[in-house]
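Here is a friendly walk through the model shown below. Have it open in your viewer as you read.

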Amino acid sequence: MTLMNCLILSFILFGIGLWGLMRRRHLVGMLISTEIMLNAANMNFISFAYFSAKDATAGSVFSIFVIAVTACEMAVALAIIVSMYRRRKSLDVEQLRDLHD
Amino acid sequence: MINDVSISYLIFLMPLLTFVVNGLFLGKRSAKGAAAFAIVCNGIAMVSALLLAVSYFTSGYAPQKAILFELPFLKFAETFAANIGLLVDPLSIMMLVVVTFIAFLVNIYSVGYMRGDRAEGRFFALLSLFSFSMLGLVAATNLFQMFIFWELVGVSSYLLIGFWYHKPSAVSASKQAFILTRFADSFFLLGIVIVSFVVQSFDFEKINALTLSAFQSQTIDLGFMVMTKAEALVLGGVLIFTGGWGKSAMFPMHIWLPNAMEGPTPVSSIIHSATMVVAGVYLVARLFPFFALSGSTMNLIMVVGAFTMVFAAVIACTQKDIKRILAYSTLSQLGYMMFSLGACRMGDVVVTTGWTASTYHIFTHAFFKCSLFLIAGSLIHQVHTNDLDAMGGLRKKMPLTYVCALISILAISGIPPFSGFFSKDEIILTAFQGHHYVVFGLALLTSGLTTFYMFRLFFLAFHGAPRSESVKAGHVHEDFFMTLPIAILAVPALASGFAAKGLFEEFFVPGKLNVPQLVQLAEAHWIPYVAVAIAVVALLIAWVLYASPKAKVERALDDINRGSVYKVIYHKFYFDEMYYAVVRQFVIGGIARAARFIQDYIIEGILAFVVWFVHTLGSLVRRAQSGNLTFYLGTLVVGVLLWRFFGQLPF
Amino acid sequence: MDTLLFNLIWLIPLLTVLVCVPIPGTKAKLIKGIHAFSGTFVLALVGYLTYRVYALSGTPIDDKAAPLFLRFFTDIPWINSLNAHYIVGADGLNMFLLLLTAVIVWGGILVSWEIKGNQKVFFALIQMLATSVYGVFMSMDLVLFFVFYEMEALCMYLMIAGYGSGRKDYGGKKLTLTLAFGSSMILATLFGLYFESGSTSWSLVELSKITLPTSFQMWAFPLMFMGFAVSSSLFPFHFWSPDGHASAPTAVSMLAAGVMMKMGAYGCLRVAMFLMPEAAKVWLPYVVALLIFNVVLGPFIALRHKDLKYITAYSSISHLGLIFLGLAAITPVGLRGASLQMISHGFLTGLFFATIGMIYERTHTRDITEMGGIMRKVPFLGVGFAIAGFAGLGLPGFSGFVAESNIFIGAFAQDSTLTRVVTILAILSITTTAVYILQTANRMLHGNMPAKYETLTDANLREKIVVVVLVLCLLLIGIFPGWIADMLDQSIAPIFAKLAAAQAPVIGG
C-alpha cells in the first residue's frame with residue numbers, strides 16, 4: 001500500500017461522487033454523492049497524514065472535524081429536504097427551478 | 001452746452017413709467033385713467049424733447065455730437081463696453097422730437113379709436129412701451145444699445161399688431177412681422193459681432209471714424225472663408241444693413257408691413273409708418289460714414305431702396321384696402337429715404353446732400369404719413385371696413401378730415417408748398433447729382449405713381465356717391481378725440497417743409513467722413529418743375545379715372561374682371577404665397593422635418609440598437625442562470641479542469 | 001458665522017425631511033407648510049449669503065482657499081482611508097447657481113402643492129434632490145462632489161416614476177440610466193485623476209496647483225467632459241431629456257431642466273476644464289462640432305413637436321448648447337456668457353415649466369393643437385408663458401439676451417475655424433428659436449378658443465407668486481447685468497488663468 005494507491009482510491013471515490021452528483025436528479029441521491037466526495041477528501045487527509053506528515057494526528061483530527069461538520073450539515077440538509085418534500089411532493093432537481101433567472 | 005441733463009431723462013422715463021403703471025396697475029382698473037395718464041406722461045416727454053431740441057440748437061453747439069449721459073450696462077473688456085446712453089446730434093434730436101410728438105398725438109387719437117375696447121388699458125401700456133423702446137433706439141450711443149432697443153421695438157410692434165389676439169389674421173400677421181424682422185436681426189447681430197470683434201468697440205463714434213486701409217493687412221478666418229479685416233468690415237456693414245433692410249421692410253422682406261395693418265390703426269400710424277419702420281433708414285444714416293467706406297455697400301443700399309420704391313408704388317395703385325395702400329405708400333417712401341442714402345456715393349467720392357435729404361424726408365414723412373393713417377383710421381371707425389368698396393362720398397360728412405387729408409396727400413405727392421415737396425425734391429436731386437440716372441428716372445416715375453395712387457384713394461374715399469349704408473344713413477360723424485390730432489398734424493404736414501428747410505440745410509450733415517467728398521455739385525433747377533409737372537399730370541389722370549363726371553367707379557373697384565398684369569399686381573406679385581410656400585414647404589416641411597427625422601429615427605434608432613444589444617447580451621447571460629444544478633456543477637467541473645490543465649486562462 | 005450658515009444650505013433640506021418623518025402622511029397641510037417654510041428659509045439664506053459674497057469681494061481671502069477665491073471655506077477630514085475631505089466654499093459662480101437652485105426649489109415646492117399621490121414622500125424627495133444639488137454646487141472636494149452628483153439621479157427617478165404622467169416609467173428609466181452612464185465615465189476619470197496627479201488629495205484647491213500629465217489628460221478630458229455633458233444634454237447624449245421632462249411632474253421638470261442640467265455644465269467648467277486645461281484646449285474646438293445639433297437642429301426639432309414639454313425640452317437642448325459654445329470659446333467673455341446662460345436658463349426654463357404645468361393642470365392636455373385662445377381665460381398664465389418665450393428667444397431686457405450676447409461675442413473671439421462656423425450658425429439660428437416660440441405661443445394663447453375652455457380659471461395667489469418671482473429674476477439679470485457679471489468674472493478668473501497658462505500640446509506629437 002503506497003500513497004499513490006490511496007490517492008487513486010480517493011480519486012475514484014471523488015469521481016464516483018462527482019458523477020453521482022451530476023447524474024442524480026433526486027436530492028437525497030445528490031446528498032449521498034456529496035458525502036462520497038467529502039469522504040474522498042477525508043481519505044486524502046488521512047493518507048497524506050499517514051505517509052508524509054511528521055505528526056499523523058493533525059490529518060486525523062482534521063478528518064474527524066470534517067466528519068463532525070458533515071454530520072451537522074447532513075442534519076440540516078435532510079431537514080430542508082424533508083420540508084421541501086412536504087411542500088412539493090417531489091425531490092427532483094429538474095423541477096426545483098424557482099431560483100432560475 | 002446743454003445745461004439741463006435731467007430733462008433728457010424725462011423723455012425716456014415718462015413713457016417707461018406709463019408702461020409700468022398702465023401695464024401693471026392702472027390698465028385693468030380704469031381705461032379712462034390709463035388714457036389720461038398716458039397722454040399726460042407722453043405730453044411731458046414731448047415737452048422735454050422740445051426743450052432739449054431748443055436748447056441744443058440755440059446753444060451753438062450743433063451740429064456736433066455729444067453724449068449727454070451714459071449708464072454702464074455690460075462690460076466685455078476694459079475698453080470694450082456696452083452702455084446705455086443718449087447721443088445728441090441733430091439727427092437724434094429730430095427723431096426724439098418726432099417720436100414724442102407723434103406718440104403724444106396718437107395717444108390722444110387712441111382715446112377715440114379704442115373707446116370701448118376690452119383691453120384699452122393694455123393698449124396704452126403697450127403704446128408707451130413702444131415709445132420708450134423707439135426713443136431708446138434713437139438715443140443709442142452704440143450698436144449694442146441700438147440692438148437692444150431694436151429688438152424691443154420689434155416686440156412691441158409684435159404685441160401691438162397682434163393686439164386683437166382673437167383675430168387669427170392679426171395673430172399670424174404679428175408672427176410674420178416679428179419673425180421676418182427677427183430673421184433680418186439675426187444678420188444684424190452677426191454684423192455687430194463681426195464689426196465689434198474687429199474694432200473692439202460698439203461705439204458709433206469709433207466705428208464711424210474707421211478707415212479700411214488700417215485693416216487691409218490683417219486677415220480673419222470667418223470659418224466659411226478667410227478674408228482681410230477690411231473685407232470683414234465691409235461684410236459686417238452689409239450684415240448690419242440687413243437689419244435695417246428687414247426693419248424698414250425693403251424688398252424682398254417687405255411683406256410683413258402691409259400685413260401688419262391688421263393691427264389697430266393708431267399702431268399702424270405710429271409704428272408702421274412714422275417711426276419704427278424708419279429705424280432702418282435711421283441706422284444707415286447713423287452709421288453713414290461707416291457705410292460710405294465701401295462703394296458696393298452703398299450701391300446695395302441704393303438698389304434695394306430704389307427697387308422697393310417703385311415696386312411698392314406699383315402695387316399701391318391697385319389695392320382696395322385703404323390701410324394697405326398707405327402701407328405700400330410707406331414702403332415706397334422708405335425706399336426714397338433708403339436710396340437717397342445709398343445714392344450719396346459716386347465712384348470714390350461722396351456727396352452728402354443725400355444724407356440731408358433722407359433725414360429731411362424722415363422728418364416730413366412722419367407727419368403727413370401719420371396724419372394719413374389717422375385719417376384712414378377715422379374713416380374705418382366710421383364705415384367699419386377698410387375697403388374702398390364701402391366708402392365714397394365722405395367729403396360732406398367729414399369736412400375737417402377731408403381738408404386734412406387733402407393737405408397730407410398734396411404733401412406726399414410733392415406739390416409745393418406742402419412739406420413733402422421739399423424733401424422729395426432734395427432726394428431726386430441727390431440721385432441726379434450722384435449721376436445715378438436710372439434711379440433718378442425711377443424716382444421721378446414713382447413720384448408720379450405716388451400722386452396717382454394717393455389721389456385714387458382720396459377720390460374713391462371722399463368723392464362720388466356714398467357706397468355704404470352707414471354713410472347713406474348719416475351715422476357718420478367726426479369724433480373729437482380723433483379729429484383733433486389729425487387737425488394738429490395738418491400743420492406740420494403743410495408747413496414742416498419750408499419751416500425746417502433752413503434747419504436741415506444748416507445742421508444736418510452726416511459727420512466727419514473718411515472718404516473724399518465731392519464739393520462741386522451739379523445744379524439742376526429744372527428738376528422741381530419736372531417733378532411737379534409729373535405729379536400734376538398724375539393727379540389729372542387720377543381725377544379723370546376716379547372723380548370726373550365720366551369716371552366709372554365700379555370699373556375702378558372691380559378686381560375680378562381684370563387683365564392678368566393687373567391681377568398679378570393686385571395680388572402683390574404673389575409674394576405672400578411665395579413666402580408661405582418657402583416657410584411651409586422648405587423650412588417646416590423640409591429642414592424641420594429632416595431634423596426631427598434625425599432625432600426620432602436615427603438617434604433614437606441608434607439608442608434602441610444599444611438597448612437591444614445590452615438586452616440580448618443580458619438574455620444570453622440569463623440563459624446560463626437556468627436554475628439547473630447539474631448544469632452549474634458541470635460548468636464548475638469543466639471550468640476547474642480547464643483551469644488546471646490548460647494553465648493560464650486570461651482571468 | 002457666515003461659514004456656518006453656508007454649510008447649513010444643504011443641511012436644512014435634509015433636516016426638513018427628518019423633521020417630517022414622524023408626522024403622519026394624513027397631515028399633508030402641515031407637512032407642506034414645513035417644506036414651504038424650509039424652502040423659503042433656504043432661499044432667504046442663500047440670498048443673504050450671495051449678498052455677503054458680493055459685499056466681501058475685494059477683501060482678503062483665507063490662504064487655503066486663495067487659489068480659487070473661495071469664501072466661507074470649510075475643510076473637515078471625512079473619509080480617512082480615501083483622504084476625502086468635506087470641503088465647501090463659495091464664489092460668485094456657485095453662489096448664483098445656489099441662488100438659482102433655491103429659487104427653483106422654492107418654486108417647485110409651491111407649484112406641486114396639489115400633486116396627486118403620497119405628498120409626504122414627494123416633498124421629501126424634492127428636498128433630497130435639493131440637498132444633492134446644493135451639495136454639488138458647494139463642494140470643492142471631488143469625492144463629496146461625486147456623492148452628491150450621484151444622489152440626484154436616484155431622487156429624479158423616484159419622482160418621475162412615482163408621480164409622473166404619460167410614459168413615466170420609460171422616461172424615468174431613460175433619464176436615470178443615461179445619467180448613470182455619464183456618472184460612470186466621471187467616476188472612472190476621477191480615479192484616474194487621483195492616481196495620476198501624484199497628489200493624495202481630492203480637493204480642487206490642491207489639485208489646481210498640479211499640472212496633470214498630458215498623456216493622461218488627452219484621454220481623461222473627453223471622457224470626463226462627455227460624462228458631465230450627459231447631464232447637460234450635449235449631443236449625442238441629449239436623448240434622455242425630452243422623454244424625461246415630458247413624463248416628469250412639473251416640479252421635477254423645473255428642477256431637472258432648471259438646475260440639474262446646469263450641474264453638468266458646471267462640472268465641465270469647474271472640474272474638467274479647470275483641472276485639465278491643456279487637453280481642454282485641444283479637444284474643445286472639436287466639441288463645438290457637436291453643437292451644430294444642439295444649437296442649430298434643436299430649434300428645428302422643437303418646431304415639429306406639438307407637446308409643450310417636448311418643445312420646451314428641445315428649447316433647453318438648444319440653450320444648453322449655447323453654454324457649451326461659451327465654454328468652448330475659452331475666452332473670459334465666453335466663459336462668463338456660459339455661466340450667465342446657466343443661471344439665466346435656469347430661471348427661464350423654470351418659468352417655462354411652471355407655467356406649462358399650471359396650464360396643464362387646467363386644460364389637461366399639453367398638445368398645442370388642441371388649445372387656442374386661452375389667453376382670454378388665463379391672462380396671467382398666458383403672459384407668464386409669453387414672457388418665458390420672449391426671454392427664451394433672447395429679448396433684450398431679459399437675462400437670456402445678456403447671456404447670449406456674451407456667448408456670441410466671446411465665442412467669436414476664439415480663433416478656430418470650426419468655432420467660428422458654429423458661432424455664425426448659432427447667431428443665425430436665433431430666428432428659428434423665434435419661430436417655434438411664437439408658433440407655440442400663438443397656437444396656445446391666441447386665436448379661436450375651443451368652447452370647453454370657457455370654464456378655465458386664472459392663476460391663484462400661490463401660482464402668481466411663483467411666476468412673478470421667476471419673472472423678476474429674469475428681469476433683474478437682464479436689466480442690471482453689470483454686478484452679476486462682475487461677480488462671475490471674479491470666480492472665472494482663476495479658471496481662465498489656468499486655461500490661459502496652459503500650452504496646448506501638439507496633437508500626435
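Predicted model: local features only at pLDDT ≥ 70, side-chain atom pairs only at ≥ 80, totals over all residues.

## Where chains B and C meet

On one side, 40 residues of chain B take part, and they are in contact with 39 residues of chain C. Four elements of chain B each give two or more residues to its side: strand S1 (66–77), helix H5 (143–161), helix H6 (168–199) and helix H24 (575–624). The largest share comes from H6(B), with 13 residues.

## Chain B as a whole

Stepping back, chain B has 651 residues, and 56% of them are buried. Its secondary structure consists of 25 helices and 6 strands. Taken along the principal axes, the C-alpha atoms of chain B fill a box of roughly 120 × 65 × 55 Å.

If you are thinking about contact order, take the contacts in chain B between residues at least 6 apart in sequence: 80% of these join residues at least 24 apart.

## The nonpolar core

The largest nonpolar core holds 440 residues, and Ile102(B), Val284(B) and Leu325(C) have the most contacts inside it. Helix H10 (residues 250–275) of chain C supplies the largest share of this core, 19 residues.

Leaving aside neighbours within four places in sequence, Leu325(C) is in contact with Val288(C), Leu291(C), Val295(C), Ile407(C), Ala411(C), Val422(C), Thr423(C) and Ala426(C).

Notes
Residues numbered from 1 in each chain as written. Chains lettered and ligands numbered in written order. Core = buried A, V, L, I, M, F, W, Y, C linked by C-beta atoms within 7 Å. Buried ≥ 20, exposed ≤ 12 C-beta atoms within 10 Å, placed from the backbone. Contact = placed C-beta atoms within 7 Å.
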